[in-house]
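Biologist: I have a structure open and would like to go through some of its residues. Can you take my questions one by one?
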Amino acid sequence: MSEQQTTQRPEHAQGGTYTVPGQEYVRDQNYLSTRITRDGADGYPVEPGRYRLVAARACPWANRSIIVRRLLGLEDVLSIGMPGPTHDERSWTFDLDPGGRDPVLGIERLQEAFFARDPEFPRGITVPAIVDTRDGAVVTNDFGQITHDLSTEWTEHHRDGAPTLWPADADERAEMESVMRRVFTEVNNGVYRCGFAGSQEAYESAYERLFTALDWLEDRLSTRRFLMGEAVTEADVRLFTTLVRFDAVYHGHFKCNRNKLTEMPVLWAYARDLFQLPGFGDTVDFEQIKQHYYVVHTDINPTQIVPVGPDLSGWLTPHGRESFGGDPWGDGTAPGPVRTEERVTAGHNPLVPR
């Protein structure tokens, strides 16, 4: 990002600032774009055991990487660190780990890994991030590129039967990338434009765009089981992490309240279908999600009171999407059970009762 852009959006250099009075919300998309690839072109070759994925369950962008890692079966080659759901203006912290330190990286704050890369790192400290355990420095926090590369650069280490999340056919890929662009701008980021709008006008514009896109998705998914057809792709992963947070957070906290997800019959059935697939719902911690948004965003929830609801039992009800045919895993298979050490806390998810 240029110096001029930084001057225009000073909040991008101020941790904990989300809403700017009188302005629409603009996401800082200036990420560390270094890639981990087969050929190591950026200086970071794919190596089992070398890197650590830091991904908070509370964050939708990080949740994507947790899902993809699990679907592809990369647990043995890419370890994972999970910060707690809340953070201050400085950084995500490892407050869920013994002693408040990540057991592999030995740090209390993710910020330490960013400063190991750049002692004067000027941006927000975001998840997901991949850290090189050799020097403790962040390699990348580019969430879109991270999941793409896990699918395309780490193939030698995928589990047998891993699904193909990125189509090989060029035309299918082009269509999927077009769908994902609209999902990102209008839905994934659209809920944030509503929640962090600095004026009534900005909010109403964002609200209209969001629900226009959700109506489009409702129509698209009325004729196919998944966004690209009969099998799960990266596009579904990207949409799911917003939908699964919609009623718990975005409907109330972000004022995305034309209707709830449960009141959109096609999207609600689609979301339940994904939730009930191994690798999707079993990565979701609703309590951490609510704690993150309602506690961290003090500019829009100064009391930091976390709501008790909503009722989550509906996520396990039949969805009927099997009638479209096909197989969610394409030519592959479902991932196995969640590893004990990576299970969601009992009671934080209807799949894991108390």
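Biologist: Is R258 buried, partly exposed or exposed?

Modeller: R258 counts as partly exposed, at 37% relative accessibility. Buried means under 20% relative accessible area, exposed over 50%, and partly exposed in between, with a 1.4 Å probe and protein chains only. This is a predicted model, in which local features need pLDDT of at least 70 and side-chain atom pairs count only at pLDDT 80 or more, while totals for chains, interfaces and linings use all residues. Residues are numbered from 1 along each chain as its sequence is written, and side-chain values use heavy atoms, with hydrogens and water left out.

Biologist: Which side chain does R258 meet in a salt bridge?

Modeller: The side chain of D215, at 2.8 Å from N to O. A salt bridge is a side-chain nitrogen of Lys or Arg within 4 Å of a carboxyl oxygen of Asp or Glu. R258 is in the loop between α8 and α9 and D215 is in helix α7 (residues 200-220), so the pair ties together parts that are 43 residues apart in sequence. Helices (H or I, at least four residues) and strands (E, at least two) are DSSP runs, numbered from the N terminus. D215 is partly exposed too, with a relative accessible area of 35%.

Biologist: How many salt bridges are there by that rule?

Modeller: The count comes to 19. One of them joins the side chains of R50 and D132, at 2.8 Å from N to O. R50 is in the loop between α1 (3-8) and β1, and D132 is in strand β3, 82 residues apart.

Biologist: Is R50 buried or exposed? And D132?

Modeller: R50 counts as buried, at 11% relative accessibility. D132 is buried as well, with a relative accessible area of 2%.

Biologist: What does D76 pair with?

Modeller: The side chain of D76 meets that of R339 in a salt bridge, 2.7 Å from N to O. D76 counts as exposed, at 62% relative accessibility, and R339 as partly exposed, at 30%.

Biologist: What about R159, where is that?

Modeller: R159 lies in the loop between α4 (143-152) and α5 (170-188). R159 is buried but has no salt bridge; E75, the nearest side chain of opposite charge, is 6.7 Å away. For charge, Lys and Arg count as positive and Asp and Glu as negative, while His and the chain ends are not counted.

Biologist: Then which backbone oxygen lies 2.6 Å from a polar atom of the R159 side chain?

Modeller: That of T333. T333 is also among the residues that R159 touches, along with others including R70, L71 and A334. Contact means heavy atoms within 4.5 Å.

Biologist: New topic. How enclosed is α2?

Modeller: Of its 13 residues, 13 are buried, so α2 is largely enclosed by the rest of the structure. After α2 comes G73, with a positive phi near 75°.

Biologist: Which residues of α3 are buried?

Modeller: L110, Q111, A113 and F114. These residues cover an arc of only 160° around the axis, which puts them on the same side of α3. The arc is that of the directions from the helix axis to the C-beta atoms. The buried residues of α3 pack against β1 (51-54), β3 and β4 (137-140).

Biologist: Where are the cis peptide bonds?

Modeller: One joins V127 and P128, with omega about 0°. P128 is in the loop between α3 (110-117) and β3 (129-132). Another joins G309 and P310, again with omega about 0°, and P310 is in the segment after α10 (286-296). Most peptide bonds are trans, and most residues other than glycine have a negative phi.

Biologist: What is phi for K255?

Modeller: Near 60°, a positive value in a residue other than glycine. K255 is in the loop between α8 (234-250) and α9 (265-275). Q304 is not a glycine either, and has a positive phi of about 60°.

Biologist: Last one. Is Y294 buried or exposed?

Modeller: Y294 counts as buried, at 11% relative accessibility, and lies in helix α10. Among the residues that Y294 touches are A248, H253 and Q304. Y294 and H253 are 41 residues apart in sequence and 7.3 Å apart in space, C-alpha to C-alpha.

Definitions and conventions: Polar contact = N/O pair within 3.5 Å; in protein donor to acceptor, adjacent residues only side chain to side chain. Lists of a residue's contacts leave out its neighbours within four places in sequence.
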